[in-house]
Amino acid sequence: MVGSAFMRRLEAEGFTNLLKPHRFQLDLMKEDAVLEFFLKERPDIVILAAAKVGGIKANNDYPVEFLLENLRIQNNVIRSASQSGVRKLLFLGSSCIYPKLAPQPIPESALLSGPLEPTNEAYAIAKIAGIKLCQAYAREYGAKFISVMPTNLYGPNDNFDLETSHVLAALVRKAHEAKAQDEKQLIVWGTGKPRREFLHVDDLAAACLLLLEKYDSPEIINIGCGEDVTIRELAELICEVIGFDGKLVWDKTKPDGTPRKLLDVTRIRKLGWQPTISLRKGIAQTYEWFLANRAQ
C-alpha cells in the first residue's frame, strides 16, 4: 500500500529513474542479496517502506515473525544503503512506537518514555530498533538517514484480509459483506471507545516527498492529520459511506488496544505540509478501489 503510493506520487512529480524490484526479485530478508542489489544499482535515495505489518490480531498472534522479519529487513537495507553510498534514506516507522499511555497528542519526545501496548509490542520494538539504527548511522558516519512516524494509514492496495488487516480496511470489508448478504447487524471488535487518527496513504506520500527535500535531522518526525475519531464513529462513517444500515454490535471480549493514539504534528506543519484528503472522501475512494479489485 505505502510503496505503491510513493510510486504514484513520484511518477506524478516527473521522476523516472525509479528502482522498484518486486519481492520475488529481491528478498529483503537475505543480507547478501540486498547488498549485491545496492552495490549494483547504486541508488541515490532510498525509501524504506517494506515491512511485515498487520492489525491487532496478527500482531498479537505472531510476535516472533513481526519482530524477526522486520529486524532483518531494516538491518539489511539500512546497512546496505550505508555501504553503497546512498545520499539519503527515509525510514518509515509507526505511531505504535509510542507508549500505550503517552500524552495526547503524542509528541516525538514521548519515544521510550513508558511501556508499550502489549498487543503490538514486537512490531513496535522492531521499528524502534530501526529508528535507533538510522540515528546511529547519522551520529557515527554522518548519514542523512531520517525516520518518519506516520499515524494509521489506509487507501488503495490496503490489506482487506480479516485475519491480518487493520481496523479501517477490516470494517470496509465487513460492512460491504454485511450489506451484500442483507445482514441485520455487524460485529465489531472491542468497545468502540478507543480513539484513532487516520491518514490517507497518498497524503503520506506527499509528506514524505517534502521531507526528503527539506528535512535532514536524525530526530524522528510525526506525520498525521491532527484529528482523531472513536472506533464507533469510524464504523458508523464506513457504514454510511458503504450504505449498510444494520446495527453495530460490539464484541467486548476482544481487545481495544491503546486507548488513544493522536500524533502531535506541529513539526511537520511548520515545514508547510498538511493533508488534503478528508476521512469521508478517503473512505469512499478506498471502497471504490476495493470494489474494483476485490476479486484479484
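**Entry 1. F160.** I looked up F160 and found that this residue touches S165, A169, V172, R173, T286, W289 and F290, not counting residues up to four places away in sequence. Contact here means heavy atoms within 4.5 Å. The model is a predicted one, in which local features need pLDDT of at least 70, side-chain atom pairs count only at pLDDT 80 or more, and totals for chains, interfaces and linings use all residues. Residues are numbered from 1 along each chain as its sequence is written, and side-chain values use heavy atoms, with hydrogens and water left out.

I placed F160 in the loop between β4 (152-154) and α6. Helices (H or I, at least four residues) and strands (E, at least two) are DSSP runs, numbered from the N terminus. F160 counts as buried, at 9% relative accessibility. The cut-offs are under 20% relative accessible area for buried and over 50% for exposed, with partly exposed in between (1.4 Å probe, protein chains only). I also checked F160 against L171: the two are 11 residues apart in sequence and 8.8 Å apart in space, C-alpha to C-alpha.

**Entry 2. V188.** L171 came up again here, as one of the contacts of V188. Leaving aside neighbours within four places in sequence, V188 is also in contact with I231, L248, V249, W250 and D251. V188 sits in strand β5 and is buried, with a relative accessible area of 3%. For the pair V188 and W250, I noted 62 residues of separation along the chain and 5.0 Å between the C-alpha atoms.

**Entry 3. The sheet.** I followed an open sheet of 4 strands, in the order β1-β2-β3-β8, with parallel pairing. Its edge strands are β1 (45-48) and β8 (221-223), each of which pairs on one side only. From one strand to the next, the twist averages 25°. Two strands are taken as paired if DSSP finds at least two bridges between them. Strands of a sheet pair through backbone hydrogen bonds, either parallel or antiparallel.

I then went through the bridges. β1 is joined by 4 bridges to strand β2 (residues 88-92), and the two run parallel. V46 has L89 as its bridge partner in β2. Another 4 bridges join β2 to β3, again running parallel. F91 has its bridge partner, S147, in β3.

Helix α5 (residues 121-141) lies across β2 and β3 (145-150) and runs at about 160° to β2. For such angles, axes are lines fitted to C-alpha atoms, for helices over the stretch in contact, and the angles run from 0 to 180 degrees between N-to-C directions.

Entry 4. How many residues of β3 are buried? I found 6 of its 6 residues buried. In a regular strand the side chains alternate between the two faces of the sheet. Both faces of β3 are covered: F145, S147 and M149 are buried on one side, and I146, V148 and P150 on the other.

I took S147 for a further check. S147 is buried because its relative accessible area is 0%. Beyond neighbours within four places in sequence, S147 contacts F91, I131, C134, E219, I220 and I221.

**Entry 5. Cavity.** I searched the whole structure, and 1 cavity of 30 Å³ or more turned up. On a 1 Å grid over the protein atoms alone, a cavity is a set of points where a 1.4 Å probe fits but cannot get out, and lining residues have an atom within 4 Å of a point. The largest cavity holds about 50 Å³ of space. Grid points are joined across faces, edges and corners, and a volume is the space filled by probe spheres set on the points.

The lining consists of S95, C96, Y98, P99, K100, I106, E117, N120, T258 and K261. By class I have 4 nonpolar, 3 polar and 3 charged residues. Ala, Val, Leu, Ile, Met, Phe, Trp, Tyr, Cys and Pro count as nonpolar, Asp, Glu, Lys and Arg as charged, and the others, Gly among them, as polar.

**Entry 6. Backbone angles.** Most residues other than glycine have a negative phi, and most peptide bonds are trans. Which bond is cis? A cis peptide bond joins Q104 and P105, with omega about -10°. P105 lies in the loop between β2 and α5.

L112 is found in the loop between β2 and α5. Phi of L112 is positive, near 65°, and L112 counts as exposed at 56% relative accessibility. D182 has a positive phi near 55°. I placed D182 in the loop between α6 (167-180) and β5 (185-189); D182 is exposed, with a relative accessible area of 55%.

Terms used. On a 1 Å grid over the protein atoms alone, a cavity is a set of points where a 1.4 Å probe fits but cannot get out, and a pocket is an open set with protein on both sides within 12 Å along at least five of seven lines; lining residues have an atom within 4 Å of a point.
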